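Q: Please take a close look at how strands pair in this model. Then place that part among its surroundings.

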Amino acid sequence: MIGARGDAYEEYIAIYNGMAREQMEQYGIPASITLAQGLLESGAGRSTLATKGNNHFGIKCHKEWKGETMLRNDDAPNECFRVYGDASESYRDHSRFLLRDRYKSLFQLEPTDYQGWAEGLSRCGYATDPNYAARLVAIIERYGLYGYDLGGEFNDEIAAFIRETLSSTHPIRKSRGLHYVVALPGDTYASIAKELHIKEKKLREYNDAEKSTTIKEWEEIYLEPKKEEAPDGVSMATIGEDEDMRSISQRYGMKLSYLKKLNKKAKDRPGTRLKLRP
């Protein structure tokens, strides 16, 4: 059972790093990547897919799946997701899923190249999130998960030491010409503004954040005004579980006012399909 919000990530890593390392030994998938995907996709084991379906990686049914299923809002309303008997089954299926030809190029990379694996997963279309790779890398570096890729003498005690001594600073990233940071658990607009020497009022303005708006774990926090247009090749999006229209505007670096203008009659709730272009 995963604990309270503050320690959920630490607990998840302690519980599941062994499974991730087993998959690395058997298939060559970096344990850091498996853990980061599990943490991100399942919200450190707290998502509905994880708690009710033991699905830690957001893997959808696809035509070959013959097991149990459940419906959740994702890229489209009521999409079909796989249900597993336990978490270990989910971890094994995740490895088998990455053995598809679609991800074949990833296995040419070194197992210690977590940056390359993260970028490759995004490039091969594991997720529609344009900043998926940046989120994975942020999680790996925040919790020192790269250590699990080394094997040998690396253990939980060393991992805990690394996480305790890691800086909580935020590397500035860039996507579509927009500079942003990936939010860590516990971040506030005030703390990020202070660290990066930006006025909190301005930071909130850039991110369409009211005074009552709090930061979600691993979301983009933009350091300049967002764009009006969506990324090339993206025209629609669905509000997912625990999301709203603002979540979509953050994901795609779009001004919330413009997104609302495109979707005047849309209901701001999970399952709603949104237009990202006129």
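A: Two strands are taken as paired if DSSP finds at least two bridges between them. The model is predicted, and in it 3 strands form an open sheet in the order 3-4-5, with antiparallel pairing. Strand 3 (173–175) and strand 5 (220–222) stand at the edges with a single partner strand each, so one side of each has no neighbour in the sheet. Direction ignored, neighbouring strands of this sheet are turned by 45° against each other on average.

The pairing of strand 4 (residues 178–182) with strand 5 is antiparallel and consists of 3 bridges. One of the residues concerned is Val181, whose bridge partner in strand 5 is Ile221. Helix 6 lies across strand 3, strand 4 and strand 5, and runs at about 170° to strand 3.

Ser175 falls within strand 3, Leu178 within strand 4 and Tyr222 within strand 5.

Arg251 leads on to the open space in the model. The largest pocket has a volume of about 1500 Å³. It is lined by 48 residues, and Leu40, Glu41, Asp74, Glu243 and Arg251 are the closest to its centre. Helix 2 (31–42), helix 6 (132–142), strand 6 (236–238) and helix 10 (245–251) are the elements that give two or more residues to the lining of the largest pocket. The lining of the largest pocket has 17 nonpolar, 12 polar and 19 charged residues.

Strand 1 (residues 69–72) and strand 2 (residues 79–82) run antiparallel and are joined by 4 bridges. Met70 stands opposite Phe81 in strand 2. The two strands form a hairpin with 6 residues between them, and in this hairpin Asn78 takes a positive phi near 50°.

Helix 1 (residues 8–27) and helix 4 (residues 87–98) have axes that come within 10 Å and cross at roughly 40°, and the crossing is right-handed. Tyr12, Tyr16, Met19, Ala20, Gln23 and Tyr27 make the contact from helix 1, and Ala87, Ser88, Tyr91, Arg92, Ser95 and Arg96 make it from helix 4. By class, 7 nonpolar, 3 polar and 2 charged residues take part in this contact.

Notes. Residues are numbered from 1 along each chain as its sequence is written. This is a predicted model: local features need pLDDT of at least 70, side-chain atom pairs count only at pLDDT 80 or more; totals for chains, interfaces and linings use all residues. Side-chain values use heavy atoms; hydrogens and water are left out. On a 1 Å grid over the protein atoms alone, a cavity is a set of points where a 1.4 Å probe fits but cannot get out, and a pocket is an open set with protein on both sides within 12 Å along at least five of seven lines; lining residues have an atom within 4 Å of a point. Grid points are joined across faces, edges and corners, and a volume is the space filled by probe spheres set on the points. Ala, Val, Leu, Ile, Met, Phe, Trp, Tyr, Cys and Pro count as nonpolar, Asp, Glu, Lys and Arg as charged, and the others, Gly among them, as polar. Axes are lines fitted to C-alpha atoms, for helices over the stretch in contact, and angles run from 0 to 180 degrees between N-to-C directions. Contact means heavy atoms within 4.5 Å. A crossing is left-handed if the near helix is turned anticlockwise from the far one by less than a right angle, and right-handed if clockwise.
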